[in-house]
Amino acid sequence: MQQMTLQNIADQNDYVCFRIGEQDYCIDIEVVREIRGWTPATVLPHAPDHVTGVINLRGSVVAVVDLAARLAIGKTCPTPRHVVIIVALENQIVGLLADVVSDIMGIDEAAMQPVPDIAAEGAGAFITKVIALDDGRMLRKLDLAAVLPGKDQEAA
Amino acid sequence: MSGIDSLRPAFFEECEDLLLRMGEGLARIPDAALHNEVESIHDVFRAVHSIKGGAGAFGLTSLVGFAHAFETVLDLMRSGTLHPDASTMHILLRASDVLADLVAAARDGQPDPELMPQLLVDLDLLAEGAASPEDEAAALAFEPMRIDVIPIEPALSQAPPDPTGFAITFEPYPALYATGHEPVALLRALADLGTTDVTADLSGIGPLDTFDPAQPGLRWQLALQTTAPREDVMAIFDFVQDLALVTVEPLHPDPPSLASEPQMAAPFVTPLPQPSPVQPTPAPAHPRTASVTPAAPPAMPTIRVNLDRVDRLINQIGELVIMEAMLSQAISIAGLSKDGDVSSSLEGIKQLAARIQESVMSIRAQPLKSVFQRLDRITREAADATHKQVRLETFGEATEVDKTVIERLVDPLTHMIRNAVDHGIEPADRRIAAGKPPEGVITLSAAHRSGRVIIELADDGAGINRTRVREIAEARGLVPAGAQLSPAEIDNLLFLPGFSSKEEVSALSGRGVGLDVVRREIQSLGGRVSIQSTPGQGSLFTIALPLTLAVLEGMLIGVGGETMILPISSIIETLRPDESEIHSLGRNGRLIAKRGEMIPIIDLAQSLGFTSRQDDQRQVLILVECDSGGRAALAADQIFDQRQVVIKSLEDNYGTVRGISAATILGDGRIALIVDPEEIVARAVAETKPMPLAANG
């Protein structure tokens, strides 16, 4: 019995949950560095639509990705009420623009379900798992690597 | 195990320094006056010896072996037996190249360089050829004994070891103790080779009241009975060679002296009480005669610091400068700038920050010497490969430049040198026919000039064959046939991608990279490269580089509602022209007449993909010059200010952006992008070229 409990805890990771439009998303808390309010970004020339611009994060130049635009939900018009989630993935630091951070929760590995094939329209490519929440909402696990702007984009 | 492994990087770092010093010494030998020459050889010897010592500790056997052979030749040179004539120097220089390769190979775990066996043979030949008559005699007197004794003696009796051996005097200088060596350890190591009899000579020790513990004055005399060769004995003293007076003489003297010392000839004799005659070299009477130890060249004390730490410091200073700008902006907004105390304190902080920034930048600055020395080798190899006689002369190698700049200069300069040897310098017969000395000279010089580093590479070769360059450019479709080109424009064709002026791709410089790569590399360092050539007299390449990659003098401009930075270095002048001075060309093209020249206008906002302001008649024009010599007028909304900005990379977290070289942080904490005028202009030119063909609409 005790063995079982330990097993459960080991399979459970903490996730940062946030909302984009009407949809709930989450990312592993491990990659999140900080969450800050929106500050005006400097527009980058020739940048793709979903790159809002660059901001100053204590001396580093950090690009901000508009998740709503990236997930084909619609371009965000950022206000000071929006949040930027700073994530670090493989030495690359990027800000994710979201509407609001809703929760930090532990999610069981077992609760993660594969994404149904037919749901793969636009946003589908960026979601690795879906989780059904108790209150009837659905949480989508974001594929960070796919969302981030690639360093080789100039070649594309 | 892990302890010594952790020292490996430090060893290879030290090797870099030592190789540098070795190269310096070698360069000094040929033209030094005779007494300096010995000092130069000493320098080289010390460097090679230290590399050998370190390599031994890490078990790098081939490195040790090669360094040893090298050292043997150097030793003959410093004793005056071998004279540094041209052929000897040639071998020494090549040996130094191989040694550098070996160090690199050992560091990167690569196989030994191909040239090593050949050079080893060359070095051995040098060493053998140079052995003076006395040395040969000594060798003869010594060698037969070893051969005679080993096979026979053990057969005669097994109990007493054969009486071959060495009489050794060992007199440590104070430096030996100071560097933490332990004489006992050396004596024990000798004892491992055979039977030793040690006598301590206390005569150097004065009375107690004048005794200086730091100058022990101790000295040992040993009779070592062993079958081990002399090299093994010498190897024990390897690490203390410069720190002690060591003489090793055969214990078993040759027949003439045998009579005078009958006790030595006895098969097994207990200790030699007084092996006095074994030391023919007059030993210094007192260890205090420090002049015997070769004086190390005076050097400023230095420390080794991880580059990361320096960079962190530079970043933090950058932050400080930004914070200072923010503070000054906040104070002026709060209306406190009229307060004398506040403004004078702020001014003080400003100056202090600038001074700290300067000091920190100077930490990263290094002399160009290391690069120049490597190029010496490149020249040599290139000259060998093309069978030409070429000499590299360098000036201003003490000029200091940012470390990153130095590292990234190696490749372009290497390429330019190879290019100069391969294409610039003519073969000796053609040079003589042209009335020039057979040996070609490449001059490499560096100097600071108005906040930039100027590196000039000149050769006294044939110069650029403009007719040929033009033909090739036309054949490759780089310029339209029959285009009107000035000589300077033809010269600049060399920098175009896809241009290689040799019909046959030569093994040396035609490795699929052309001068366009050189230009791109220099440009990525924020510099520019230009070329001048006089037919029959040679070519001159000039590279202008910024002193640092961390800050930039820039002009703050407004472009499409954003604040951007334009590097001052590329700006010629700014102007606000009247409408009448601007002429339209085609559908969108605009030109401005400036001193008789028609200069194209490029709208920055449009070029960067921003929406341009509509009331563009009052735009500011900023005249910029590109490396190709082309000029353009960049149109911006307004000019705010001119200031030093700290360069922040965009590539770390995002990637490259067309027309933007980097970013900086302004006083209000916002990011401003630094415009790359070179790319903006190049792109604009590329876009306008195919216009007649493209459908306009």
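The following questions and answers concern a predicted model. Residues are numbered from 1 along each chain as its sequence is written, and chains are lettered from A in the order in which they are written. Local features need pLDDT of at least 70 and side-chain atom pairs count only at pLDDT 80 or more, while totals for chains use all residues, and side-chain values rest on heavy atoms, without hydrogens and water.

User: Is B:His49 buried or exposed?
Analyst: Buried means under 20% relative accessible area, exposed over 50%, and partly exposed in between, with a 1.4 Å probe and protein chains only. Leaving aside neighbours within four places in sequence, B:His49 is in contact (heavy atoms within 4.5 Å) with B:Glu71, B:Asp238 and B:Gln241. Because its relative accessibility is 10%, B:His49 counts as buried.

User: With which side chain does the side chain of B:His68 make a polar contact?
Analyst: B:His68 belongs to helix α4 (residues 61–78) of chain B, and its C-alpha atom is separated by 7.7 Å from that of B:His49, 19 residues apart along the chain. At 39% relative accessibility, B:His68 counts as partly exposed. A polar contact is a pair of N or O atoms within 3.5 Å, one able to donate a hydrogen and the other to accept it within protein, and residues adjacent in sequence count only if both atoms are side-chain atoms. At 2.9 Å, the partner is the side chain of B:Lys52.

User: Which strands stand at the edges of the open sheet in chain A?
Analyst: The sheet has 5 strands in the order β3-β6-β7-β5-β4, with mixed pairing, and two strands pair if DSSP finds at least two bridges between them. Each edge strand has a single partner, so one side of each is left without a neighbour in the sheet; these strands are β3 (32–37) and β4 (51–57).

User: How many bridges join strand β6 to strand β7 of chain A?
Analyst: Strand β6 (residues 83–89) and strand β7 (residues 92–98) run antiparallel. Across this pair, A:Ala88 stands opposite A:Ile93. The number of bridges joining β6 to β7 is 7.

Conventions. Helices (H or I, at least four residues) and strands (E, at least two) are DSSP runs, numbered from the N terminus.
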